[in-house]
Amino acid sequence: MAERPPPSAPAVLASLALIGGVVALGAGAFAYTGGFLSPDRLTPTRLVGALAPPGGPALGHRRNHAKGICFTGEFRSTGDAASLSRAPMLASGTFPVLGRFNLGTPDPNAPDATVRVRGMGLQITAPDGQVWRAAMIDPPVFPVATPEAFYALLTASHSKDAGAMPAFIAAHPEFPNFVAWAKSAPYTASYAEDAFHSLNAFLFSNAQGQTHAVRWALVPDALVTPLTDAQLAALGPDHLENEIATRVTAAPQSWKLLLTVAEPGDPTSDPSKAWPAERRTVEAGTLVVDRIEAEADGPCRDVNFDPTILPDGIAVSDDPFPAARSAAYARSFNLRTAEAKDYPRQPAAAAASSQSGAATP
Amino acid sequence: MSQDASRFTLLQRTLHWLMAVAILAMLFIGVGMVSTVMPAYVPLLATHKTLGIAILLLAVVRLAVRFVQGAPSLPADLPVPMKLAAHLSHYALYALMISMPLIGWAMLSAGGYPIVLLGGFRLPAIVPQSDALHTLLWSAHVYLAFALFALVLVHLSAALFHGLVRRDGVLESMASVRSDRGIAPGE
């Protein structure tokens, strides 16, 4: 090894300065990438933080759609959607599902009639292990066009400044559509009577490699009886969970999965804009719910219904929401799973098994 | 073997620089993706998982190559504390290169997530679904990622210190672009 002579003192200082500069540059680039130098960046942490009510989030629970109940059942695919997507659960067949009915509120104890938006989380599993997860809500359009606008809506609606909401509405012309739905759409007395919409457009690709933008809806087979919020309130604060448990025990409940196929030029990137009513729809199959379980011990408790968890044959589109929802849901999931002690699992199962153990001779 | 004993082998240098790029990309993708709600989040997450498994495989290969081919010895005049720091930091780097992908993989398993890489390649869960385990692994993944980045900066500083200040051939043992064949004139 031919070692070079040691450098002079000034050269050493210059070298040390260079090394310091390299480290500072590296650390600075890392901090910038992580958003530590950009307090205005819309991060999952800020988005999820903005969902919290004034008293802070309900620890251990989902940060939004916090009130919910688990279900299981199956998806009976007609196979008719195989022309749109090669996803294995759209081929003809029956596939197990796991899901969660929920209310769009950060408060897990909110009375049913105080919540305007209802939702359904759904997971369909194919025999090869591929999974399709979705999180849908009952309004046909989303209140706003972009994740940034959703953050602005949350901020304005929690603001003590009387001018905040008017300013938000003035800046978001898409919002009144949702307000019109919220004011006019009837309530129902059952999750089984609600329709649930994907809202976001996804790209469905078939075995031939052809791709179409698709939105979907789960449309109830049950007869829909419209109610006012006062009528719903009179049924009790937790009517929906009690009702669906009783109803499903009596008979399985079902929804048709309808896929709506976009035409060129339809607004795939903006879930606040409906597509024309005459768009082609494909009946992909029937969701059958045959068992209800409380969330605390239920199979949906620790499932993140991240809408970007998709099988081969379905992918995110230019709609910016699924990515934002995925990032925010992951944040919510990380927080709530770390707070499990604040949302205890019910000891009922353990108690019941020890009782039956004691009863055994 | 006609290998120059003052340098790592061509295979080792190739693995080192390939992994240097992959690990830096990994750290920046990781810290970037968890701080954004932009559409890039989805491809970044898929890339992060895929690159993580690639790094795990490369690290295992690299460790095996290291056992077989060894490493150039440190300069005899290197002070004992620096020798100790060099050895410990390399143990830590290998430990993190192997454990970080495994922790990430286990974290997703404990969270009940399907683990799908770019190209639709699916991996099985390696631990049962558990909120307590998910929380532990998530914290470990975050804190160890910062530790790994700090270690990369220390590694880089030390390499430059060897190359610019001590001029003892340690930097050249990995960074030299001299060809393996033939000895350059004057050496």
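Among the contacts in chain B between residues at least 6 apart in sequence, 68% join residues at least 24 apart. Keep in mind as you look around that this is a predicted model. What sort of chain carries these contacts? The C-alpha trace of chain B spans about 60 × 35 × 30 Å along its principal axes. Of the 187 residues in chain B, 27% count as buried.

Now turn to where chain B touches chain A. Here 36 residues of chain B are in contact with 44 residues of chain A. On the chain B side, the elements that give two or more residues are α1 (10-33), α2 (41-69) and α4 (131-166). Which of them gives the most? That is α4(B), with 13 residues. Sorted by class, the side of chain B that touches chain A has 19 nonpolar, 12 polar and five charged residues.

Let us follow α4(B) across to its partner in chain A. Two packed helices are described by the angle between their axes and the distance between the axes. Helix α1 of chain A, residues 9-33, packs with α4(B) at an angle of about 160°, and the two axes are 10 Å apart. Angles over 145 degrees count as roughly antiparallel, so α1(A) is roughly antiparallel to α4(B). The crossing of these two helices, α1(A) and α4(B), is right-handed.

Which residues meet there? From α1(A) come A:Val12, A:Ser15, A:Leu18, A:Ile19, A:Val22, A:Val23, A:Gly26, A:Ala27 and A:Phe30. Facing them from α4(B) are B:Phe149, B:Leu153, B:Leu156, B:Ser157, B:Leu160, B:Phe161, B:Leu164 and B:Val165. By class, this contact of α1(A) with α4(B) has 14 nonpolar and three polar residues, and no charged ones.

One more helix of chain A is worth a visit: α8, residues 321-338. Is α8(A) mostly covered or mostly open? It is mostly covered, since 16 of its 18 residues are buried. The expected span is 1.5 Å times one less than the number of residues, so the 18 residues of α8(A) should span 26 Å. The end C-alpha atoms of α8(A) are 25 Å apart, which agrees with that expectation.

Key: Residues are numbered from 1 along each chain as its sequence is written. Chains are lettered from A and ligands numbered from 1 in the order in which they are written. This is a predicted model: local features need pLDDT of at least 70, side-chain atom pairs count only at pLDDT 80 or more; totals for chains, interfaces and linings use all residues. Two residues are in contact if their C-beta atoms, placed from the backbone, lie within 7 Å. Helices (H or I, at least four residues) and strands (E, at least two) are DSSP runs, numbered from the N terminus. Ala, Val, Leu, Ile, Met, Phe, Trp, Tyr, Cys and Pro count as nonpolar, Asp, Glu, Lys and Arg as charged, and the others, Gly among them, as polar. A residue is buried if 20 or more other C-beta atoms lie within 10 Å of its own, exposed if 12 or fewer, and partly exposed in between; C-beta atoms are placed from the backbone. Axes are lines fitted to C-alpha atoms, for helices over the stretch in contact, and angles run from 0 to 180 degrees between N-to-C directions. Angles under 35 degrees count as roughly parallel, over 145 as roughly antiparallel, 65 to 115 as roughly perpendicular and the rest as oblique. A crossing is left-handed if the near helix is turned anticlockwise from the far one by less than a right angle, and right-handed if clockwise.
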